[in-house]
Amino acid sequence: MRYTPHTSTDKDQMLRTIGLESIDALYRHIPESLRERAKIELPQGLTEPAVRRHLAELANKNASAADWSLFIGAGIYHHAIPSAVDAIISRSEFSTSYTPYQPEVSQGTLQALYEYQTLICQLTGMEVSNAGVYDGASAAAEAVLMSRRLQPSTRRRVLVSRALHPQYRAVIATYLRNLEGTEIEEIPFDAAGATDVDRLTQALGDRSMCVVVGYPNFFGVIEDLAPLRSACAKTGAQLITVTTEPLALALLKPPGAWGVDIAVGEGQSLGVSMQLGGPGFGFFTCQKKFVRNIPGRLVGETVDSHDRRGFVLTLATREQHIRREKATSNICTSQTLCTLAATVYMALLGRTGLRRIAEVNAARAHETLDRLVGEARVSRLFAGPFFNEFAVRAAGLQELWKRCIERKILPGVSLGRWYPELGDCLLLCVTEMNEREDIERLVTAVSS
Amino acid sequence: MEFPEGLKYSKEHEWVLVDGKTATIGITEFAQEELGDIVYVELPEVGEKVVKDDPFGAVESVKAVSDVYAPVSGAVVEINDLLPDNPETINDDPYGDGWMVRVEMTDMDDLKDLMSAEEYAEYVEQRKEEADEDDDEVDDEEEEG
Amino acid sequence: MSPPSPVDPQTRREAPRLLFESGSPGRAGFYWPAEEGRGRLQIPAALLRDDIPGFPELGELEVLRHFTRLSQRNFAIESEFYPLGSCTMKYNPKVNEAVARSAGFAQLHPLTPVELVQGAMELLHRLEGMLAEISGMDRVSLQPSAGAQGELTGLMLIRAYLGEKGNPRKKIIVPDTAHGTNPASSTLCGYDVVQISSNAQGVIDSATVERVMNEDVAALMVTNPNTLGLFEKNIQSIAEVVHARGGLVYLDGANLNALMGIAKAGHMGVDVLHMNLHKTFSTPHGGGGPGAGPVAVKAFLQDYLPVPRIVKKDHAYELAEDYPKSIGRVRSFLGNFGVLVRAYTYIVSLGGDGLEEASRMALLNANYIRKKLEKGYQLAYNEPCMHECIFIDRLQHKYGVSTLDIAKRLLDYGFHPPTIYFPLVVSGALMIEPTETETPETLDAFCEAMLAIAREAKDNPELVKTAPHSTPVSRLDEARAARKPVLRWEPAQSKIS
C-alpha cells in the first residue's frame with residue numbers, strides 16, 4: 001500500500017514480537033458496535049499518474065494568474081516571487097521539520113524566525129514581533145483580545161473603522177461574540193475614503209478600549225494616523241493598525257513611527273503565493289512593554305553551554321501548553337513555512353529592492369487610475385492618497401465586467417457586496433505583475 | 001535545606017517575617033528549588049489589598065507558572081523593586097534579598113494558621129516522601145501535537 | 001585580521017551570521033529597473049518614509065547559501081525519524097507538493113468570481129464529503145486554519161446552538177490528559193473549565209462524568225484515542241450521560257490517525273470534532289505551520305457553521321453566505337486552501353482502503369515499539385495502546401537521569417526525541433508515536449538507541465545528563481532567554497542604550 005512500507009513478512013514478524021496473531025487483534029478492545037460500521041466508503045486509491053491527471057483536471061477549471069490579468073487585491077496580492085523563495089521553502093529540512101521545541105536540532109528554523117521577527121520590526125517600525133499567527137484577520141482579532149487583556153475592565157468598547165477589510169471586521173466580531181461586555185462600534189469613513197476623525201472623536205470616551213483602522217485601509221487609502229493617534233491618546237484608547245498589503249510599508253511611514261500600540265496584518269504579499277487566500281500568515285507586532293501579553297510564539301537569543309549564540313522559543317509561559325485556560329491565546333501554530341518564505345523574500349529584495357518594487361507598484365497604480373479616469377469615463381471614488389489600490393465609480397458595471405472577463409481580465413472587486421451604497425464601484429489593485437500591455441488592455445476593455 | 005527560625009511558613013510555601021503589623025513575604029527555599037531557575041516575578045502594586053489564601057503574584061520558571069498566595073490579609077506597603085529585573089535573586093537568596101512584598105496586616109489572627117520553622121520542615125519532608133512515592137517530579141513540560 | 005586557515009569540521013558547523021551582519025550597502029538579490037515617469041505619485045511627503053534601517057543588503061547566492069546552511073541545522077522527517085507523540089509526523093508525500101504548486105491552485109485569487117474557480121470549489125466540496133465519511137459526521141467546514149482554531153469554532157457552534165435553545169451554559173468538562181489548547185479555547189469561547197481525572201487504566205469513567213455533569217455544562221471535550229494512546233472505550237456511555245443532561249460532546253481529532261476505518265467519531269455519540277490535516281492527512285508541519293483544522297458536525301449543528309459555505313446547485317458550485325444562525329467567519333477567505341489541496345491529494349491517493357491500512361500500520365508500529373522498549377523502560381499504563389505508547393523515566397531516576405536527559409541523548413543517536421512531559425498527568429512522560437510510514441528496521445534502530453541510553457543511564461549517567469554532544473549547539477540557556485528577552489537583532493549602537 002502506498003506510503004506504508006510493511007511487507008507481509010514484516011507484519012508477521014512484528015506480530016510475533018508483539019505476541020498477537022493478527023493486526024485486527026490490536027484493536028479488539030474497541031467496542032464491536034463501532035468497529036463493525038467503520039469501513040470508509042471511498043473509492044480505491046489511485047496511481048500517481050492518475051492522481052496527477054485528476055488534480056490537473058480540477059486545476060484546469062480555474063482562472064489562474066498564469067492565464068489571466070489580475071487587477072484584484074483586497075487582502076491578497078499578486079506579486080513577483082523570486083524562484084529562490086520556493087527553492088528554500090521546498091527544502092525538506094524546513095518543510096518537514098516540527099515546531100522547534102528541541103532547540104539543539106532546530107537552530108535553522110529558530111534563527112530564521114528570529115530574523116523574521118527582526119525584519120517585521122524593521123518594516124513596521126515596531127519594537128516587538130511574534131513569530132506569526134494564522135492570517136491577517138485573526139491577527140486583528142488577536143490584537144483586540146490583547147488590548148482587552150491590557151485595558152481595565154471598564155474599557156470594553158472596540159471602535160472599528162468601517163474602512164477596515166470587511167472580512168476582518170467579521171472575524172473580530174466572531175472572536176468577541178462570547179466575551180461578556182465587549183461591544184463593537186463601527187466608525188464611518190469620510191468623503192476621502194479615510195476613517196472619519198470627527199465621528200471617531202465623538203465616539204471615543206472613557207469606556208473605549210481600542211480603535212482598529214486599516215493602514216492602508218480596505219479602499220487602498222493611506223490613513224493619516226497623526227489625528228487618530230492623538231484622538232486615542234486623549235482618551236486612553238489603544239490604536240491598532242491592520243495592514244493587508246505590507247509592501248506599502250516599504251514606502252510609507254511605518255506604524256511604529258506614528259506611535260501605534262499594536263500593528264498587525266496579513267503577510268502573504270511578502271513572498272507567499274495567493275493559493276485562493278491561504279495559507280499566508282498574520283504578522284503581529286506591538287510596543288515592547290506589552291510583550292508579556294503577546295499571543296503566539298516568540299523566538300529569543302541566548303547562548304549554549306559552550307557560550308555559543310543560539311536561539312530558543314521563549315516566554316512560553318504565556319502559551320496554552322503551559323498556562324492552559326489562562327493562556328494569552330489558544331493558538332499553537334505560527335505559519336512557520338510561510339513566514340520563512342517572507343524572510344527569504346525580504347532578504348532577497350532587501351533595503352533597496354523592497355522599496356524599488358513598492359515604488360513600481362505605486363507608480364503603475366497611479367498611472368492606471370489616471371488613464372482610466374482620462375480615457376475610460378470612470379471617476380475616482382475617494383480623494384485620499386493611495387498606494388497600489390484605489391476605488392472607482394463606473395457606469396454600466398455589469399457590461400464592463402463582461403467585456404473584461406471576455407478578455408481574461410479580472411478588473412477588481414465590486415464593492416457593492418460589502419458596501420450597498422457603493423453598488424456601482426470597483427476596487428482595483430495594480431502591482432508589478434501588471435505589465436504595460438495588461439494596463440493597456442484593461443483601459444481598452446473598460447472604455448470600449 | 002534551610003528554614004530559618006523566627007519566620008512563619010504557609011502550606012503554599014511562603015514565608016512571613018513579622019515586625020509589628022508589617023509582614024514581609026517571600027517564597028521558601030523549597031519552593032524556589034521546586035521551580036528551578038526563576039525568570040519572571042509578577043508583583044502587586046503598592047496600595048493593593050491582598051487577601052489571605054488568594055494569589056497576589058506569580059513566579060515563573062522557563063516552563064511553569066506558580067501563583068504566590070498571600071499568607072495574611074492586608075495592604076501592600078512596599079514591593080521588592082530588585083525582582084522585576086533580577087528574578088534570579090529569589091533563587092540566590094530566598095529569605096533575604098529575594099523577599100517579595102511588605103504588607104500592613106489587617107488581622108493579626110491570620111498568623112495563627114501559619115507554621116513554625118520546625119513544623120514546616122516536617123511538612124516539607126512529608127511532601128518529599130509523597131513525591132518520591134508518586135515519582136512526581138514536575139520539572140519541565142513540553143508541547144505536543 | 002587573522003590569516004586564513006583550513007576549515008576544521010567544527011567551524012563548518014558554526015551558525016551563519018545573521019542576515020543583518022553580512023552584506024554590503026547597495027547590494028540586492030533582486031533586479032527590477034526603476035520606472036521613471038510612469039504615473040504621478042500623489043502621496044504627501046509626510047506619509048512617506050526614507051529608508052528601512054537595518055534591512056539586509058545581500059546578493060541572491062549569499063541569501064541562498066545562508067538559508068541552505070540554516071536548513072542543515074535542522075532535524076526533519078526526511079532526514080531523521082520523528083517519533084513525536086500526538087504529532088503524527090508521517091511522511092509528507094512529494095506528489096502533494098507538486099500538485100499544490102500547479103498554477104491552477106497556487107495562483108488563484110480568492111476573490112475571483114466563483115464561476116471561474118469551479119475546479120477549486122469541486123475539490124473543496126469533495127474534500128468536505130470525504131472528511132465527513134471518514135469521521136462518520138454529516139457536515140464539514142474547511143475554514144479553520146489549524147486545530148486550535150477548529151476547537152474554538154466547534155465550541156462556538158455549541159454555544160450558538162445552546163444559546164438558541166435558551167441557555168448557552170457556563171462550563172466545559174476537560175480531562176486532565178487534554179491538550180492545552182482545549183482549556184485555552186474554552187476560555188476564549190467564554191466558558192469555564194471543569195477538569196476531570198482519568199481512572200487507573202488511563203481512561204475516563206462515565207461515573208466521573210456523571211458526577212460533574214449538570215445543566216451548567218455545555219460540553220465535554222474529549223480526545224480519542226486520548227493523549228495516553230488509549231482508546232476511550234466508555235465513550236458511548238459517556239456521551240449518553242452528557243446528552244441526557246442536554247450537553248454536547250466535542251471530540252479533539254488530534255489522534256484520528258489511529259481510527260481511520262477502525263471506528264468513526266459519528267458513531268461514538270460525538271456531535272462536533274476537528275481534524276488536524278497536518279497530522280492525519282500528511283500535509284507538512286513546516287516547522288510550526290501552516291496547518292488546517294476542519295470542523296465536522298452532526299446535521300443538527302450545520303446551520304451554525306462558519307460562512308461562506310460551498311453549495312452545489314445544478315452541477316455548479318456557489319459560495320453561500322445566507323445562514324443567519326452561523327457563527328460568522330473565523331478567518332479571511334476560505335481557509336488554508338494550499339493545505340487542503342495536499343490533504344485531498346493524499347486521500348485520493350490512498351482511497352478508503354489505503355486510509356484504513358495507514359491506521360492499522362500506525363497501530364502495529366506503536367505496539368511493536370511498546371513491546372521492544374518494555375525491556376528498558378517502564379510503561380505508564382499497562383493497557384493495549386493505539387497509535388502511540390507512553391513510557392516513564394522511573395527506572396532511570398535512581399541514576400539521576402530524567403526524561404529530558406534521555407530525550408537530549410537521543411539526539412546524539414540521530415533520532416528526534418518523543419514528546420516529553422506530556423500529558424501532564426504522567427510524571428516524566430516519553431510519548432512515542434512512530435506513524436505508519438516507518439519501516440520495522442527504523443523502529444529497531446530507534447529501540448536499540450533507547451535501550452543503549454537506558455544502559456548508559458546506569459553505567460555513565462553523566463554522559464546522558466550532559467547530552468547532546470553531537471548537535472550544532474549544546475543545551476541552551478533558556479532561563480537567560482526568558483529573563484532578559486532579546487527578540488530581535490539591533491545594530492550594536494542601539495544595543496548599548
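## A residue in the core

Let's start with A:V344. Leaving out residues up to four places away in sequence, A:V344 touches A:A84, A:V85, A:I88 and A:G271, plus C:V63 and C:F67. Keep in mind that this is a predicted model.

A:V344 also belongs to the largest nonpolar core, a group of 347 residues. Among the residues with the most contacts inside that core are A:V344, A:A140, A:V211 and A:V212, and chain C supplies C:L157 and C:Y250. As background, nonpolar side chains in soluble globular proteins tend to be buried together.

## Chain A as a whole

What is chain A built from? It has 14 helices and 15 strands, and its C-alpha trace spans about 80 × 55 × 50 Å along the principal axes. Of its 448 residues, 64% are buried.

Now take the contacts in chain A with a separation of 6 or more: 74% of them link residues 24 or more positions apart.

## A sheet and its helix

Chain A has an open sheet of four strands, in the order β11-β12-β15-β14, with antiparallel pairing. Its edge strands are β11 (378-380) and β14 (413-414), each pairing on one side only. Helix α12 of chain A (residues 336-375) packs on this sheet and touches β11 and β12 (389-394). The direction of α12 makes about 130° with that of β11(A).

Which residue of β15(A) is the bridge partner of A:V413? That would be A:L427.

## Where A meets B

The contact between these chains takes eight residues from chain A and seven from chain B. On the chain A side, four of them are nonpolar, three are polar and one is charged.

Chain C has a cis peptide bond from C:N224 to C:P225, with omega near -5°. C:P225 lies in the loop between β4 (217-223) and α9 (235-244) of chain C. Another cis bond joins C:F422 and C:P423, with omega about -5°, and C:P423 is in the loop between β12 (419-420) and β13 (430-432) of chain C.

Then there are positive phi values in residues other than glycine. B:D53 has phi near 75° and is found in the loop between β5 (49-50) and β6 (55-60) of chain B. C:D314 has phi near 45° and is in the loop between β8 (309-313) and β9 (316-320) of chain C.

Are these two buried or exposed? B:D53 counts as partly exposed because it has 15 C-beta neighbours inside 10 Å. C:D314 has 5 such neighbours, so it counts as exposed.

How values were computed: Residues numbered from 1 in each chain as written. Chains lettered and ligands numbered in written order. Predicted model: local features only at pLDDT ≥ 70, side-chain atom pairs only at ≥ 80, totals over all residues. Core = buried A, V, L, I, M, F, W, Y, C linked by C-beta atoms within 7 Å. Buried ≥ 20, exposed ≤ 12 C-beta atoms within 10 Å, placed from the backbone. Contact = placed C-beta atoms within 7 Å. Helix = DSSP H or I, 4+ residues; strand = E, 2+ residues; numbered from the N terminus. Nonpolar A, V, L, I, M, F, W, Y, C, P; charged D, E, K, R; others polar. Pairing = 2+ DSSP bridges. Axes fitted to C-alpha atoms, helices over the stretch in contact; angles between N-to-C directions.
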